[in-house]
Amino acid sequence: MTSAAKLKLPSGPSRHVYDVIVLGSQLGGALAAALLAKRSHRVLWVEHDGMGPGYEHGGYVLPYAPFVAPPLKAMPAVEEALTELGLTTTVQRALRPHTPELQLVLPRNRMDLHADAARRKAEVTRELGEEGEALLGALAGTTAQHEASDAFFKAQPALPPDGFFEGWGLKKLIKAHPGLESAPRLTSDTPAAALLRGLRPFINHLDKPESPLALTRPLSQVLSAPSSFQGGHDGLRELLTRRLAELGGDVLGRDSPSGFIVDELSFDGSKFAGVKLVRSDTLYRASCLVAATDSGALRRLVTDKKHHRGLLEHLDQSTTKSLLFTVNWVVPESALPRGMGGLTLVDTQDAELGPMLLQLHPARTTASGGKEGKDVEGVRVVCAGVFVPASARELGDEHLQGLAVRIDAQLDTLMPFTAPQRLLRSVPYLDASGSRGTRLMPHPLYSFESEAFLGVTGLPQRTPVKNLLLAGREVLPGLGLEGELLAGVRAARLVQDMLKKKDPLKG
């Protein structure tokens with residue numbers, strides 16, 4: 001995992017007035033901040049809600065949840081933005097395909113979905129016979145489906161649209177790209193096909209995706225080459241943060257002496273004016289704010305609720321339905337079953353738990369005595385996650401411990417001789433109590449009251465506060481990781497338009 005110490009960021013902000021402040025640790029904000037700095041704007045990024053690169057427990061740095069990323073070439077509009085930042089090669093090197101790409105575990109079958117077509121065919125037909133032929137055909141069709149909508153996203157659509165003209169323009173663009181309505185290929189009722197569909201919640205942020213695009217694009221992207229990113233979600237964010245700092249942007253992160261947690265947003269009438277940090281009298285001012293934190297967290301920073309009712313109603317259109325609940329086992333590599341894959345999807349046969357996703361991580365020690373932590377040779381972290389109702393957190397630690405015990409039982413079935421050799425068992429929601437962000441959700445699923453264009457949109461980026469834009473995972477929840485990053489790309493464009501209009505010298 002990457003370490004915040006490696007970033008070598010400036011000790012504090014160089015000024016108190018900026019063109020734009022980006023608030024929150026989500027990837028859309030980090031990308032928007034870096035792009036705006038590259039385009040010569042004065043940017044301050046305030047982390048506020050970051051969970052950091054893992055949490056510390058029992059001498060190890062452990063992941064909050066499994067994180068599966070698609071290959072960069074499957075997200076062409078994102079690749080274009082990273083090329084502008086000079087990061088394409090770095091990101092491609094940090095993205096590592098799992099080997100085998102994905103392992104499926106069912107009550108009567110275990111099979112590896114290899115990248116090599118011949119090996120995949122031999123494995124699947126050996127396990128499933130004639131049924132395997134149908135699954136292979138559906139898989140081949142599924143992994144190519146995202147290509148039918150690539151051109152649409154390259155055209156930088158106004159998603160979600162704001163107002164009549166953007167809505168009209170978007171509908172016209174949609175008509176020109178019939179591939180957006182391509183029906184899912186993985187529709188069979190066989191256990192293997194049903195399990196593969198169970199990967200969807202792990203790679204998007206919609207509670208119940210229904211539209212063809214939401215059902216096909218993220219799954220197609222990931223299945224084309226399921227990859228892990230070095231340092232996970234936080235490693236990608238820190239890469240963008242480092243680039244922002246190199247481009248002259250200012251960063252208030254967890255190592256900042258002046259702090260990084262916002263106490264409240266300041267307004268000048270109906271406009272955003274600045275942010276005030278906890279235990280600080282300094283007001284950092286800016287012409288606009290890009291918010292890349294969950295709507296509930298942003299809502300808490302609006303202290304004058306009476307005068308900003310429109311903004312609060314905008315944020316209230318989002319409801320968190322489910323959360324990714326994780327258990328980590330730290331085990332000697334020799335204790336893992338032979339042939340266990342780096343990414344495994346398990347049919348738990350438990351209607352409440354649903355599919356379980358396992359990802360193997362290097363075991364990393366915590367930093368001590370000024371030295372950075374390091375990977376422990378011969379030791380691995382088995383990170384296992386399932387989705388549970390968001391209300392589970394409110395039912396108390398005993399209920400969460402019960403969920404963890406049920407995941408333990410699933411791991412015992414999968415790895416019958418591993419538990420006695422376990423070095424540590426850790427549950428982020430229970431054991432990360434000393435870390436900032438313990439109450440945050442690494443991967444929530446949302447539902448929305450607003451109209452969903454193409455079935456992938458959530459909260460509109462423009463808010464009733466004209467100079468406050470959203471760039472979080474609630475903007476394009478049906479597109480998963482790509483949606484987070486596209487929200488950042490578009491937020492950067494919207495900020496540029498806004499600042500241009502404000503500058504009388506530029507007409």
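Predicted model: local features only at pLDDT ≥ 70, side-chain atom pairs only at ≥ 80, totals over all residues.
The peptide bond that joins Leu159 and Pro160 is cis, with an omega of about -10 degrees.

There is another cis bond to point out. It runs from Thr99 to Pro100, and its omega is near -15 degrees. Pro100 sits in the loop between β5, at 95-97, and β6, at 102-105.

As background, most residues other than glycine have a negative phi, and most peptide bonds are trans. With that in mind, here are two more backbone positions. Arg279 is not a glycine, yet its phi is positive, at about 55 degrees. Arg279 belongs to the loop between β11, residues 271-277, and β12, residues 283-291. Its relative accessible area is 83%, so Arg279 is exposed. Gln349 is not a glycine either, and has a positive phi of about 60 degrees. You will find Gln349 in the loop between β14, 343-346, and β15, 356-365. Gln349 also counts as exposed, because its relative accessibility is 60% and the cut-off is over 50%.

Rolling a probe the size of a water molecule over the atoms shows where empty space is left. In the whole structure, the search finds 6 cavities of 30 Å³ or more. Of the 14 residues in its lining, Leu72, Met75, Val91, Leu236 and Leu485 are the closest to the centre. What classes of residue make up the lining of the largest cavity? There are 14 nonpolar residues, with no polar and no charged ones. Three helices each supply at least two residues of that lining: α2 at 76-84, α11 at 232-246 and α16 at 480-502.

Of these, a word on α2. Its buried residues are Pro76, Ala77, Val78, Ala81 and Leu82. Just after α2 comes Gly86, with a positive phi of about 70 degrees.

The second largest cavity holds about 60 Å³ of space. Its lining includes Ala291, Thr293, Ser295, Leu298 and Glu474. By class, this lining has 7 nonpolar, 3 polar and 1 charged residue.

Next, a helix pair. Helix α5, residues 130-144, packs against helix α10, residues 212-224, at an angle of about 105 degrees, and the axes are 7 Å apart. That angle makes α5 roughly perpendicular to α10. On the α5 side, the contact uses Leu139, Thr142, Thr143 and Ala144, and on the α10 side Leu219, Ser220, Leu223 and Ser224. The classes in this contact are 4 nonpolar, 4 polar and no charged residues.

Is Asp408 buried or exposed? Asp408 has a relative accessible area of 11%, which is under the 20% cut-off, so Asp408 is buried. Its place is in helix α14, residues 397-414. Leaving out residues up to four places away in sequence, Asp408 touches Val327, Trp329, Arg422 and Arg425.

Terms used. Residues numbered from 1 in each chain as written. Heavy atoms only, no water. 1 Å grid on protein atoms, 1.4 Å probe; cavity = no way out; pocket = protein on both sides within 12 Å on 5 of 7 lines; lining within 4 Å. Points joined across faces, edges and corners; volume = space filled by probe spheres on them. Helix = DSSP H or I, 4+ residues; strand = E, 2+ residues; numbered from the N terminus. Nonpolar A, V, L, I, M, F, W, Y, C, P; charged D, E, K, R; others polar. Axes fitted to C-alpha atoms, helices over the stretch in contact; angles between N-to-C directions. Parallel < 35°, antiparallel > 145°, perpendicular 65-115°, else oblique. Contact = heavy atoms within 4.5 Å. Buried < 20%, exposed > 50% of the residue type's maximum accessible area, 1.4 Å probe, protein only.
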